[in-house]
Amino acid sequence: MVVKPQEVIAELYAAGGRIDLNLDRPALLVPARVRPRIEPYQHLLRASVDLPEVVRRAAIFRERITLWFRSGRIGVPVVTLSEALHATVGSCISCGAALAQGNWRCPTCTAALYEALRPTAETTS
Ligand SMILES: [Zn+2]
């Protein structure tokens, strides 16, 4: 069975885990209950997710989501980077990168979006 990095990222964040974006020692913070499921795919995430870009994109996505909510809208906006203006079918909806397997968001943007939507001390106070 082929596992997509986007699926592993979704499962990681759904279980309360996340990617530690401390770029000096990037790591997956994996809750014990999903560790047997996630750990075999750490190499997949390391190979497909650009951590410095997750940091940059998460900040942009978080800002756009915040503006969305402050404008009184509901739901979550389709967050995009300025470089995605020319995205086409088969490319990431957020950054415009070509996608090989029919996904609509690349692993780096997927991780950045989950990170942007993760509650922080600022959003939970
Ligand atoms: Zn992307």
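Guide: Happy to. In α5, the buried residues are Pro107, Thr108, Cys109, Thr110, Ala111, Ala112, Leu113, Tyr114, Glu115 and Ala116. Buried means 20 or more other C-beta atoms within 10 Å of a residue's own, exposed means 12 or fewer, and partly exposed lies in between, with C-beta atoms placed from the backbone. Note that this is a predicted model: local features need pLDDT of at least 70, side-chain atom pairs count only at pLDDT 80 or more, and totals for chains, interfaces and linings use all residues. Residues are numbered from 1 along each chain as its sequence is written.

Visitor: Why is α5 described as largely enclosed?

Guide: Because ten of its eleven residues are buried, α5 is largely enclosed by the rest of the structure. Its cover includes α1 (5–14), β1, α3 (42–48) and α4, counting contacts as C-beta atoms, placed from the backbone, within 7 Å.

Visitor: Which residues of α4 are buried?

Guide: Val54, Arg57, Ala58, Phe61 and Arg62. They cover an arc of only 145 degrees around the axis, so they sit on the same side of α4; the arc is taken over the directions from the helix axis to the C-beta atoms. They pack against β1 (18–20) and α5.

Visitor: And what's exposed on the face turned away?

Guide: That face of α4 carries Pro52, Glu63, Leu67 and Arg70.

Visitor: Changing topic, which helix has the lowest mean pLDDT?

Guide: Helix α6 (residues 121–124), at 58, while helix α5 (residues 107–117) has the highest, 94. pLDDT is the predictor's confidence in each residue, from 0 to 100.

How values were computed
Helices (H or I, at least four residues) and strands (E, at least two) are DSSP runs, numbered from the N terminus. Two residues are in contact if their C-beta atoms, placed from the backbone, lie within 7 Å.
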